[in-house]
Amino acid sequence: MKWIRVNMSDLSVKVEDVPKKYEQMGGRWLTSSIIADEVPATCHPLGPLNKVVIAPGILSGTTAPSSGRISVGTKSPLTGGIKEANAGAKFGQYLKRMGYSAIIIEGQPKNKQSRYLLNISKEKIELVGADEYKFMRLYELNEKLAAKYGKDVGIACVGPAAEHLLAGTGVAFNDVENRPARYAGRGGVGAAFASKGLKAIVVEAVTGQAAILNNELFEIGRKKLLAALQEHAVTKPKGALNTYGTAVLVNILNEAGALPTRNFSSGTFEGAKKISGEAMAEAAAKNPQAGMMGHRCHPGCVIGCSVVYPDAQGKSHTSVEYETLWAIGANCGIDDLDAIAQMNTLCNDIGLDTIEFGDAVAVAMEGGLLPFGDAKGAIALLEEVRKGSPLGKIIGSGCGTVGRVFGVRRVPAVKNQGMPAYEPRVIKGIGVTYITTPMGADHTAGYSIAPEILGVGGKFDPHTNEGKVKLSKDFQATTCFIDSTGCCVFTAFAILDIPSGFEGMVEACNAVTGANWTTGDAYEIGLNILKTEHQFNLSAGFTQNDDRPPEFMRLEPVPPHNMIWDMADSELDSIWK
């Protein structure tokens with residue numbers, strides 16, 4: 001395998017053989033390893049010493065089911081620590097089929113006002129000037145790039161919010177219909193990408209399959225994983241995710257009293273049913289020309305959990321997911337599904353992470369900038385972010401910045417990253433994940449919601465602290481491995497309950513890499529990735545005090561269960577022992 005190294009300081013592009021120590025790595029394993037090895041931990045995230053690494057997973061580009069994730073790694077402008085965010089897209093599949101395991105972007109151009117585009121095809125790799133796309137919205141950009149380079153190309157790009165170098169921005173990848181709707185959203189990876197002077201990367205469409213060393217073993221593993229995904233109630237065709245999208249969780253979390261509402265002041269939202277997966281399914285059924293349940297983010301996805309929501313005017317809105325419905329909906333006291341869908345599309349268009357934006361707006365609402373439930377006011381803030389006005393830059397920099405500017409004490413963040421859609425005072429295991437993961441508050445880093453709420457992979461009482469550190473640690477380690485395979489994190493539902501599915505995932509990886517890993521080895525690989533990321537953060541200056549919840553969660557009981565965060569700090573610290 002080879003990787004592409006792009007030096008933006010001298011505008012050079014090199015294709016290099018992958019060093020032996022990285023040969024079996026992919027996805028998060030590879031991005032975090034390169035960042036840990038090549039980036040000074042104390043460097044400025046937006047400076048020339050930081051790097052951005054884009055890497056498809058081990059199985060990306062093959063016919064392994066739901067394996068089209070692409071990882072983006074860097075030192076985070078939001079947290080100041082190491083960061084990996086991933087998305088499902090055809091981009092990584094094409095890259096891997098060309099024989100590239102990563103793109104490493106380093107340096108910065110002398111002229112900070114210039115923009116560049118990296119064009120990768122089978123014949124050549126070239127950096128070209130892209131000033132004509134400067135501050136262009138992403139729907140327009142994707143249309144222009146598809147028209148110029150071909151309708152089937154893979155595109156990675158950043159919007160105007162990222163070009164303002166705001167820490168709440170992501171990197172957008174195009175979906176199968178060329179919409180910029182698949183986001184490596186968290187941690188400000190968009191700002192790090194934009195700081196290199198890059199507006200977009202285009203990869204030529206490549207059919208076929210990525211290189212496999214043992215086809216017979218690959219087929220055995222692929223079939224085991226596929227069978228598990230098609231059998232499990234959550235991931236199977238017409239299963240929970242396929243029928244209602246990820247938004248199936250809205251009513252479930254609301255009934256559990258763990259749907260953060262109005263800036264984490266309550267665990268239930270009276271408007272939950274209006275913004276639920278069931279409500280979107282009903283709307284899609286009424287207008288199938290504009291709406292669709294079971295949308296797939298990349299070729300080869302067999303779960304189909306995404307949604308194309310049709311609003312009352314018949315306009316389609318893609319990737320309206322649970323986290324977005326919660327962040328811009330319940331957390332801001334907004335129950336207007338059309339308004340939420342409009343904001344989701346606008347966030348995609350200008351390059352914002354919907355979770356961080358929702359958290360930021362909710363904190364601003366508490367600070368008196370606008371009242372809870374003010375959808376029009378929230379929509380207007382997105383235009384401020386696009387323009388890069390002073391207020392827009394505050395909102396686009398995340399909830400921590402908003403809290404400091406507006407004097408709000410209730411800021412739901414860990415390591416300066418806003419919390420996702422699960423109340424940690426009520427669901428303790430996901431709280432441990434938010435607090436201890438090197439990524440900053442991130443549900444996908446160790447999704448203990450599976451056993452704590454859904455009864456998948458065992459059953460744990462969400463309200464108790466007992467056993468939650470080990471539970472989170474096991475989920476975090478396993479997730480590190482899954483993020484390295486290129487498989488969707490939702491494959492975890494099936495492989496947790498159906499051991500042959502996990503065996504199949506590991507066997508397929510062995511077939512691609514030539515390794516001889518067991519499922520136990522996969523856990524150890526994940527644990528070592530986690531330790532590498534933790535060590536980077538320590539070298540960057542993090543201490544145990546960064547693995548702590550926001551103070552208000554220790555002091556303010558959250559209704560309806562009236563629970564606080566009551567786990568001892570020493571118990572949290574034990575996760576690294």
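Predicted model: local features only at pLDDT ≥ 70, side-chain atom pairs only at ≥ 80, totals over all residues.
Let me start with helix α2, which covers residues 90–97 and is mostly covered, since seven of its eight residues count as buried, that is, under 20% relative accessible area. The buried residues there are Lys90, Phe91, Gly92, Gln93, Tyr94, Leu95 and Lys96, and I would ask you to find them on the screen while I go on. Just after α2 comes Gly99, and the backbone of Gly99 takes a positive phi of about 95°.

Now let me step back to the whole chain. The chain has 577 residues, and buried residues make up 66% of them. It holds 23 helices and 17 strands, and the C-alpha trace spans about 60 × 55 × 50 Å along its principal axes. If we take the contacts between residues at least 6 apart in sequence, 70% of these join residues at least 24 apart. The accessible surface comes to about 19,100 Å², and carbon and sulfur atoms account for 51% of that surface. As for charge, there are 57 positive and 61 negative side chains, and the centres of these two sets lie 3 Å apart.

Next, please turn to one of the sheets. Three strands, in the order β13-β14-β15, form an open sheet with antiparallel pairing. Why is one side of β13 and one side of β15 left without a neighbour in this sheet? Both β13, residues 292–295, and β15, residues 316–318, stand at the edges, and each has a single partner strand, so one side of each has no neighbour in the sheet. From one strand to the next, the twist averages 20°. Between β13 and β14, the latter being residues 306–310, the antiparallel pairing runs over three bridges, and His295 stands opposite Ser306 in β14. Helix α11, residues 337–350, packs on this sheet, where α11 touches β14 and β15, and the direction of the helix makes about 60° with that of β15.

Finally, a single residue much later in the sequence numbering. Gly520 lies in helix α21, which runs over residues 519–539.

Note on methods
Residues numbered from 1 in each chain as written. Heavy atoms only, no water. Helix = DSSP H or I, 4+ residues; strand = E, 2+ residues; numbered from the N terminus. Buried < 20%, exposed > 50% of the residue type's maximum accessible area, 1.4 Å probe, protein only. Contact = heavy atoms within 4.5 Å. Areas by Shrake-Rupley, 256 points an atom, 1.4 Å probe, with all protein chains shown as cover. Lys, Arg positive; Asp, Glu negative; His and termini not counted. Charge placed at Lys NZ, Arg CZ, Asp CG, Glu CD. Pairing = 2+ DSSP bridges. Axes fitted to C-alpha atoms, helices over the stretch in contact; angles between N-to-C directions.
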